[in-house]
Amino acid sequence: MARTAQRGTSKRASGRASTGPVRVGIIGTKFMGKAHANAWLSASRFFDLPRGIVMQSASGRDARETCRFAENWGWRTSTDDWHELVADPEVDLVDVCTPNHLHAPMSVEALAAGKHVACEKPLAGTLEDAREMRDAARKAKRKGQQTFVWFNYRRVPALAFAHQLIAKGRLGRIFHVRASYLQDWGHPDTPLVWRFDSKQAGSGAHGDLNAHIIDLARFLTGDEVAEVIGGVEETFVTRRELVGDAGAAIKGSRGRGGKAKTGRSTVDDAVLFLAKFKQGAVASFEATRMATGNLNRNNIEINGEKGSIKFDFERMNELEWWDHTLEPGLRGWSRIMCTEAGAHPYVESYWPAAHGLGYEHGFVSQVADTVRMLGGRKPEVTMPDFEDAFETQRVLEAAILSARERTPIRMSSVK
Ligand SMILES: NC(=O)c1ccc[n+]([C@@H]2O[C@H](COP(=O)([O-])OP(=O)(O)OC[C@H]3O[C@@H](n4cnc5c(N)ncnc54)[C@H](O)[C@@H]3O)[C@@H](O)[C@H]2O)c1
């Protein structure tokens with residue numbers, strides 16, 4: 001256990017406060033740790049929020065590294081024991097940014113300690129873990145505790161705007177949802193990091209990327225999946241170079257002749273499936289980390305009776321829109337720059353028109369909505385809690401069952 005020197009003094013001595021600043025404890029200090037730390041640091045500078053934010057404590061496995069992380073981002077204390085952070089009376093909200101198998105133990109313990117919890121996606125590595133989290137959140141909700149899940153793409157202005165357009169009926173009846181999330185970093189020479197270990201990740205591209213587009217499809221249409229059909233699951237690379245926690249090759253892992261020692265990848269590299277929504281739309285989903293040439297192509301198209309939308313995260317400030325209510329000669333795809341204050345969600349808190357937003361702003365906006373909700377206000381667009389993210393987890397499960405059993409799966413059979 002290690003702690004940095006206290007930087008500043010907390011205004012409140014103990015107990016989960018319902019007014020006053022939200023005192024945050026973060027677990028996990030790497031990719032998402034950094035994205036969230038930046039968001040907790042920035043949100044009240046951009047947004048006018050009902051409560052302040054105190055970056056109280058950070059926890060990671062390595063004491064020194066965690067201490068450096070805390071000092072860099074301005075967390076008041078740090079510890080290498082996450083149980084200590086969860087029990088800390090100076091923490092009101094626990095932010096979970098660790099590998100998927102740790103989401104359940106960390107969130108459930110934090111809820112039992114009376115904290116609000118903001119957990120990374122997917123809700124968990126397994127449906128069983130996710131169910132435990134949902135049940136704990138239900139119980140805690142009765143005591144006024146809130147849960148939040150970092151499906152950050154909901155707060156990209158173009159997607160939040162598409163959600164509002166569809167909710168207003170501008171697409172009319174929805175016929176198609178066509179979603180794919182394509183990355184290519186899972187090339188054969190990528191080593192065996194935790195994301196390729198089913199014990200830690202639960203699944204591969206599926207939980208990592210399909211989770212995002214299932215959530216987006218549900219968020220954008222306001223509809224729920226009724227049935228999953230034709231799941232396909234593939235692992236292209238079954239053995240990968242062994243590495244340590246930091247992602248570097250394990251010392252001595254190269255055998256004679258400099259050949260790397262390898263271990264088995266136990267997750268999918270790609271999962272595709274079809275689905276039917278309750279209100280009749282049909283959908284296709286594809287997630288892969290082997291789509292060479294596609295770096296972070298989170299891509300969704302929705303076709304309705306009165307129009308269509310298209311979005312690609314690689315051009316995240318733009319939404320493509322087809323208005324089918326126009327006379328035939330005027331119809332065409334228009335490219336909307338979603339940076340217009342007052343018209344497009346979130347942007348008025350940032351920069352003038354066409355001064356584009358980036359990846360980090362989705363997280364900053366999510367913190368803003370989280371603090372609004374903790375201050376008794378509404379988020380700008382709906383926020384997924386554990387109950388909501390459990391629905392996405394059920395669809396993930398149905399797709400895998402469909403792939404493995406080679407049969408359609410009715411959602412009512414996935415509890
Ligand atoms: N919302 C998004 O777009 C998005 C993007 C990337 C990752 N994620 C999710 O965020 C989570 C973390 O992913 P990441 O990319 O930040 O991983 P990462 O490997 O970069 O970081 C994981 C962190 O967890 C810490 N950790 C691991 N075991 C721990 C333990 N026992 N106690 C304390 N800390 C521990 C590690 O030290 C590290 O700081 C995953 O659930 C992932 O699916 C979400």
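Into which domains is the protein chain divided? I found domain 1 (22-152) and domain 2 (154-353 + 386-409); the bounds come from an automatic or database domain assignment.

Ground rules first. The model is predicted: local features need pLDDT of at least 70, side-chain atom pairs count only at pLDDT 80 or more, and totals for chains, interfaces and linings use all residues. Residues are numbered from 1 along each chain as its sequence is written.

**Domain contact.** I looked up the C-alpha centres of domain 1 and domain 2; they lie 24 Å apart. In contact are 22 residues of domain 1 and 21 residues of domain 2 (C-beta atoms, placed from the backbone, within 7 Å). On the side of domain 1 that touches domain 2, H5 and strand S6 (147-149) each give two or more residues. Helices (H or I, at least four residues) and strands (E, at least two) are DSSP runs, numbered from the N terminus.

**H5 and H10.** I then checked helix H5 (residues 127-141) against helix H10 (residues 386-405). Their axes come within 9 Å and cross at roughly 165° (lines fitted to C-alpha atoms over the stretch in contact, angles from 0 to 180 degrees between N-to-C directions). H5 is therefore roughly antiparallel to H10 (angles over 145 degrees). H5 contributes Leu127, Ala130 and Arg131, among others, and H10 contributes residues including Phe386, Glu387 and Phe390.

Note on methods. Parallel < 35°, antiparallel > 145°, perpendicular 65-115°, else oblique. Contact = placed C-beta atoms within 7 Å.
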